[in-house]
Amino acid sequence: MKTLIAINGSPRRKGNTATLLEHAMQGAQSAGASNEMIHLYALNFKGCTSCFACKLKSRPHGSCAMKDELSPVLEKIKAADAVVFGTPIYFMNISAGMIACLERLLFANYIYSNEIPTVFGKKLPSAFVYTMNMTDKHFVQFNMTERLGVTEMFAGRILGVEPKILRAFNTVQFKDYSRYESSIFDPDDKFAYREKQFPVDCKAAFDIGRALVEQ
Ligand SMILES: Cc1cc2nc3c(=O)[nH]c(=O)nc-3n(C[C@H](O)[C@H](O)[C@H](O)COP(=O)(O)O)c2cc1C
């Protein structure tokens, strides 16, 4: 049986990102795969500390020497048949938790060699699922394809397969916007957009989960 690992890079366990990841997992399940969701913000871990143990000639390559609560997650990703990295956009980037996770996963499987671009050892189908306040127009205006593309490029090179991408725009952040300083948003527009578009995004996440384990 194939396994899909969904990595939730949002601190919210029932937020937009986690909801899309749930749908990706359902898609994988519909193709007969088993699933696991990892909530990064429930774990005590750090990003890469630049120890370079993964670059030593005397040590086997492809694993991070740091030992903390992310270590078993990195092992699970390596053993999986597919992985989905879900993250909210924070200050025009992926979340700090997701950056830290990817540093550990990707740097440990990359050595400074022109001949060997990756020591990951297999091809792992992956996807990036992004959720964000901004609209598709803002996404273009702020060159987000290029900004996020750098991480996607490293993931593709190191995991051996170009990642699939899903972008959910104009997400709802608060149940009740009137309780928060949020005058830049029109809550009616937000909720109307969500009602129309979020089911479409969920369906796209389902299809990605299914496609990844069928890949
Ligand atoms: C610290 C922080 C920074 C954010 N920065 C951005 C941003 O730069 N651009 C954007 O479109 N949304 C931004 N957002 C909004 C979230 O990306 C958006 O609400 C997302 O869907 C939240 O996902 P979640 O429900 O899974 O937590 C930010 C939210 C937080 C908490």
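Predicted model: local features only at pLDDT ≥ 70, side-chain atom pairs only at ≥ 80, totals over all residues.
Residues are numbered from 1 along each chain as its sequence is written, and side-chain values use heavy atoms, leaving out hydrogens and water.

**Exercise 1.** Work out which residues touch the most other members of the largest nonpolar core.

*Solution.* Start with the term: a nonpolar core is a set of buried Ala, Val, Leu, Ile, Met, Phe, Trp, Tyr and Cys residues joined through side-chain atoms within 4.5 Å. Buried means under 20% relative accessible area (1.4 Å probe, protein chains only). In this core of 37 residues, the answer is Ile7, Phe85 and Leu105. Next, look at who supplies the core: H3 gives the most, six residues.

**Exercise 2.** Find the charged partner, if any, of Asp201.

*Solution.* Then check for a salt bridge, meaning a side-chain nitrogen of Lys or Arg within 4 Å of a carboxyl oxygen of Asp or Glu. Asp201 is buried but has none; Arg194, the nearest side chain of opposite charge, is 8.2 Å away.

**Exercise 3.** Say how far Arg12, Met92 and Thr131 are from ligand oxygen atoms.

*Solution.* Take them in turn. A side-chain N or O atom of Arg12 is 2.7 Å from a ligand oxygen. For Met92, a backbone N or O atom lies at 2.9 Å. For Thr131, a polar side-chain atom lies at 2.8 Å.

Methods
Buried < 20%, exposed > 50% of the residue type's maximum accessible area, 1.4 Å probe, protein only. Lys, Arg positive; Asp, Glu negative; His and termini not counted. Helix = DSSP H or I, 4+ residues; strand = E, 2+ residues; numbered from the N terminus. Polar contact = N/O pair within 3.5 Å; in protein donor to acceptor, adjacent residues only side chain to side chain.
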